Amino acid sequence: MKILFFLIFIINAVIITTTLASPNNDNSNDDIWLNISHWNQTDVDRLQKRGNYDSQIKPLSFYKGVDISSIISLENSGVQFYDTNGQPQDIFKTLASVGVNCIRVRIWNSPRSTDGKTYGGGNNDLEVAREIGSRAAKAGLPLFVDFHYSDFWADPAKQSIPKEWKGFDLNKRIFEIYRFTKGCLEWLLENGSYISMVQIGNETTCFMCGENEMVNVMKMMSNGIQAVRDINKNILIALHFTNPNKTDNMLWYASQLAEAKVDYDVFCTSYYPFWHGTTENLQWILGEIANKYGKKVMVAEFSYPYTEVAKTSDNCEYSHVNHKLEGTEFNYPLTLDGQIQCIKDVYSHIKNTKNGIGAFYWEPAWIAPKASNDLERRQLWEKYGSSWATKTAAEYDINADSSLTGESAWDNQAVFDQEGKPLKSIWALGDGEAPSNYATNNNNNNNNNNNCFSINLGYPCCNGNTVYYTDNDGQWGYENNNWCGIKESKQNALEDWTGKNQGYSYCNLCDVIYNDNDGRWGIENGEWCGIKSTC
């Protein structure tokens, strides 16, 4: 009988609460979003609450983070990652070993069609986040949870409403943001994740979950924030914007949040140096916000190419960000050293900014799966959702042209080569230096050639061995309208030519004009030159 009375009590509580929570309730008013207790703090919620999760909340003083949200789909596609000794190892352990201390993971509501086909981009629903969180925790790494409140990419170009929420009015979506946020975080914690920080919305430049009025965006943010506070008040709460080069816009966002008394901790921005200006400007704008509003500041996303293109073993290339892309300006060379310097500069400028708490490198492992050819690789991308979008995504995202899907577009900004082996830039992510004797296996980056000095300078290896120029870096050729480096093996072969010991230069061509006891001779630029032994 006691059990029966208890069940009746719970059912009544749910009915009453649901009635009060209804967004169509005639008693609702403009301030209802400021007081959501009658929507969410029911007896049922309190019965389900399992604790404050203090032991799983891991605050950090400075974040040296990465976003590897695509990792599960990559591994399902057959990508293998290695440690810095060239041995297969869980990527979370490898990242932790070089000093990375936090993992950012995006969460989409339902990134698949109604018939279950994935949209791609890593298939980042709650279950994928749970697996990432569990593996990260085993490596001692907490999560920075990034809620998009969309079924697919949310960014300045689009903030699409989740399919299941499309019939909801503003108040109902505000409520669902609370429920979704709280439910996801509880599920992650119940399954062993550590959490350090939560991001409410992704690159929300006056636009979030279908709303383009900042006042409504801030209502949504506030309900998501309340959900995090109700889980644990020690979790940092971040709001994420972009385009820090547009300083007036950034200052306006910060001022609006302050006027509305939005209760957040960290003002974040994306910072891609090839789009968003200098690190000096980045430091200035974040410093202004920190000084005026007392908020912590951070870079939620950044990256930089280590080469123009990162070619696969079958000679395919999918890199998107390079000198061919319009609207880019590169402040560092597209080399490993350039990538390392960029990472160092971002960390350094954030450290030198008031209340600066770190930066997260975006998708440093998003490389192409191995395949015999482009068609086979695209089939893997489509099957496992490990490209930026599948053909199915076009049903939801009008920007995902079904004829242009596939590819990661980011592999030349990874800190792993196309074989999954760490580049020396991986140590920079942990704010450290690669061992002096660390030899980067960079075979795949350009034409799958070995021992080519020019790769680290941002130029491909030559297929041939015709030398047009020699400097302190090595011997240079010119192929396909681009300078290229002569591979070491070919340079060694070029060490012998007629007249070398007599001080004659070698001929670039193999046209023999004269033979004598010393060997074969040619004439170039009006001067005798020795024919190379390789001719």
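The reply below concerns helix 11 and its setting in the protein.

Reply: This is a predicted model, in which local features need pLDDT of at least 70 and side-chain atom pairs count only at pLDDT 80 or more, while totals for chains, interfaces and linings use all residues. Residues are numbered from 1 along each chain as its sequence is written, and side-chain values use heavy atoms, with hydrogens and water left out.

The protein contains 14 helices and 14 strands; these are DSSP runs numbered from the N terminus, helices being H or I of at least four residues and strands E of at least two. Helix 11 covers residues 336-351. Its 16 residues should span 22 Å at 1.5 Å a residue, and the end C-alpha atoms are 23 Å apart, which agrees; the expected span is 1.5 Å times one less than the number of residues.

Among the buried residues of helix 11 are Leu-336, Ile-340, Ile-343, Val-346, Tyr-347 and Ile-350, as are the polar Gln-339, Asp-345 and His-349. Buried means under 20% relative accessible area with a 1.4 Å probe, protein chains only. The cover over these buried residues includes strand 1 (63-67), helix 10 (279-293), strand 7 (296-302), strand 8 (356-362) and helix 13 (426-429).

In the protein as a whole, buried residues make up 56% of the 535 residues. Of the contacts (heavy atoms within 4.5 Å) between residues at least 6 apart in sequence, 71% join residues at least 24 apart.

How values were computed:
Buried < 20%, exposed > 50% of the residue type's maximum accessible area, 1.4 Å probe, protein only.
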